[in-house]
Amino acid sequence: MNGNSTNKLYKQIKKISDQMFTIGLWIITSLILVLIFLLLIYILSKGLTKISFSFLVGIPSEIDVGGGVGPFLLNSIYVLLISLLISVPIGIGSGVYLSEYAPNNKLTEFIRSCVESLASVPSIVIGLFGYVLFVDIFNVGLTIIGAGITLSLLNLPVITRVTEEAIQAIHMDLREASYAMGATKAQTILKIVIPAALNGIISGVSLAASRAFGESALILLVGGTGTSGEMWDWSLLSPGGTLPVHLWYVQSEALVEDASEIAEKTAALLVLITLFLSLSIRFPLWVRDFRFQNKSNKR
Amino acid sequence: MAKMLQELRGSQFTNRYEKRITKSTYFQNRMFRLFCFFSVLILGLSLLSIIIFVGRTGLLVFKDVSFQEFFFSTTWEPYDDKFGAATFILGTLSLTGLTLLLAAPISIGIAIFTSEIAPNWLKRILRPVLDLLVGIPSIVYGYLGLTVLIPFLRNITGATMGDGLLAAAIVLNIMVLPTISRISDDAISSVPSELREASYALGSTRMQTIIKVILPAASPGIFTAVILGMARSIGETMAVVMVIGNTPQLPSDLLTPTSVLTSNIVNQIIDVEFDSTWNYALYMMAFLLLLISNLLIIIIRKLRVKGA
């Protein structure tokens, strides 16, 4: 009798605590996500309405009100493209080597841990390395090309790792079929394996690209805070300040009257571009997943 | 036999043609392998050269400054040749600790929610959204911290400045949340469903299953996620620079301006000469960051071997 009622009580406590747990997690998750979203909406709503075309292509000014961010925006894209041009082939190449060619031995393990270590090296340390290399050894000063090359060191491990994982997920059957047709290993990899793994590779590249686009500490050290002050300047040796660095500079050092407004607009632009970068590449994947899900639901 | 020979002779032309093709394909085959090998070589060499360059420059500091002074003195007055980095080391350690104290429980909660509790349609929204949040530039979080969080903290606590460890920890917390929750979510989702079913069959509730069965099974993955979040918060620079106050002093409380390794490096490196003790001291601090992050990776690798 007594044991029965404690058992009942125990069951009830169990049930209530389970419900509390569920409700608690619902609340935490929705609170945090709502908070982050409010912050993003706050940034976008404050800046987006004020952005005009002349802001996007205008020359920044140290004294007068109404400066734009044109050269910084251009530099951001330029530096990003240079870094991707270097890191995509090398990153995919090393990913292929690690998953297809590398023998299963200590050396390969060592290289793998190198990739992982490189991925976790703080960006400021890579920035210092680039600073020594380009400013002190090559003596070219703060440049776009220096920023691009140093930035590619940040992208490389990400792309390598994602490529390796994507390629390893490809079935052996595909490869065997290709070998059976008389294709060499290189042909198999280039024409069968990489196209099959393209989805994973592209999402990895987009991840690296959005991270590189938002990088500020490294660019501050290797690219500097300034630009050449002209629009459409394609010289590789002009100063390589980018949009994120400009946001920091305007917010903490600039003396222009409308600095806070420029910061608002720059922040909104940054968020918009990064969202666009990651959305535009993920969107096709989402559409495909959604279709797939609908099909399997109907079945 | 003769017929066959004749046929063979007839196809000599095609044979030669095919031979040329195979020769060039074999050549391409070898070149591609070589290219891949060199890519990996570049990758390894770049890490090695980062370690050598930064380490060699950093270690030069011990020519002028004793080991003890650098690690245990809190007086950082470069103009008086006093290079005690203890303030920054303690600052980085306490900032990381504080960040994880906030971020780890919350993000593991979010991970449990996304993998175990949320209905399927919500899962399909939550995961991509968390992925998107990982990509927001850190400088934007720093900017938000400076323009929204610090005035807010000043109002609430009545502090004069508002910059300091607390503000930095909150900013870093929001930054590492998506990273930690996404990776732990993957770890929790990959726990085999047999374990869940067995636990339910024994009559346990969902909470008991999650806490006593799923979390222990996913713990290596969750630890990895937390350590990766830790690595990110140790190395984060610009977001921290904007809210920490940048004053080389030991903080008396969480709302006093102070400085950490990364923020001190980026604030001073531009102004110092390359061949000065000051510069070497900054490189030594960067080398310290490098060593810490490599140590964390070694721990992660150990965890993985244990889990597998």
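**The interface of chain B and chain A**

Modeller: The rule finds 8 residue pairs in polar contact across the interface of chain B and chain A, both residues being at pLDDT 80 or more. A polar contact is a pair of N or O atoms within 3.5 Å; within protein, one must be able to donate a hydrogen and the other to accept it, and residues adjacent in sequence count only if both atoms are side-chain atoms. The largest share of chain B's side, 19 residues, comes from helix 2 (residues 12-59) of chain B. Helices (H or I, at least four residues) and strands (E, at least two) are DSSP runs, numbered from the N terminus. By class, the side of chain B that touches chain A has 51 nonpolar, 19 polar and 6 charged residues. Here Ala, Val, Leu, Ile, Met, Phe, Trp, Tyr, Cys and Pro count as nonpolar, Asp, Glu, Lys and Arg as charged, and the others, Gly among them, as polar.

A word on the basis. This is a predicted model, in which local features need pLDDT of at least 70 and side-chain atom pairs count only at pLDDT 80 or more, while totals for chains, interfaces and linings use all residues. Residues are numbered from 1 along each chain as its sequence is written, chains are lettered from A and ligands numbered from 1 in the order in which they are written, and side-chain values use heavy atoms, with hydrogens and water left out.

Now the extent. In contact (heavy atoms within 4.5 Å) are 76 residues of chain B and 83 residues of chain A. The area buried between the two is about 7300 Å². That is the accessible area (1.4 Å probe) that two parts lose on being put together, summed over both. Carbon and sulfur atoms give 79% of it.

Next, charge. The rule finds 2 salt bridges across this interface. Each needs a side-chain nitrogen of Lys or Arg within 4 Å of a carboxyl oxygen of Asp or Glu. One of them joins Arg301(B) and Glu109(A), at 2.6 Å from N to O.

Back to helix 2 of chain B, where Ser39(B) is found. Leaving aside its neighbours within four places in sequence, Ser39(B) is in contact with Pro89(A), Ile90(A), Gly93(A) and Ser94(A). Its side chain also reaches the backbone oxygen of Phe35(B), at 2.9 Å. Ser39(B) has 2% relative accessibility, so it counts as buried. Buried means under 20% relative accessible area, exposed over 50%, partly exposed in between (1.4 Å probe, protein chains only).

Then the partner. Chain A has 12 helices and 0 strands. Its radius of gyration is 25 Å, well over the 19 Å that the globule rule gives for 299 residues, so chain A is more spread out than a compact globule. That radius is taken over C-alpha atoms; the globule rule is 2.2 Å times the number of residues to the power 0.38. Along the principal axes, the C-alpha atoms of chain A fill a box of roughly 85 × 65 × 40 Å. Buried residues make up 52% of the 299 in chain A. Helix 11 (residues 243-252) of chain A has 8 of its 10 residues buried, so it is largely enclosed by the rest of the structure. Among those buried are His246(A), Trp248(A) and Tyr249(A).
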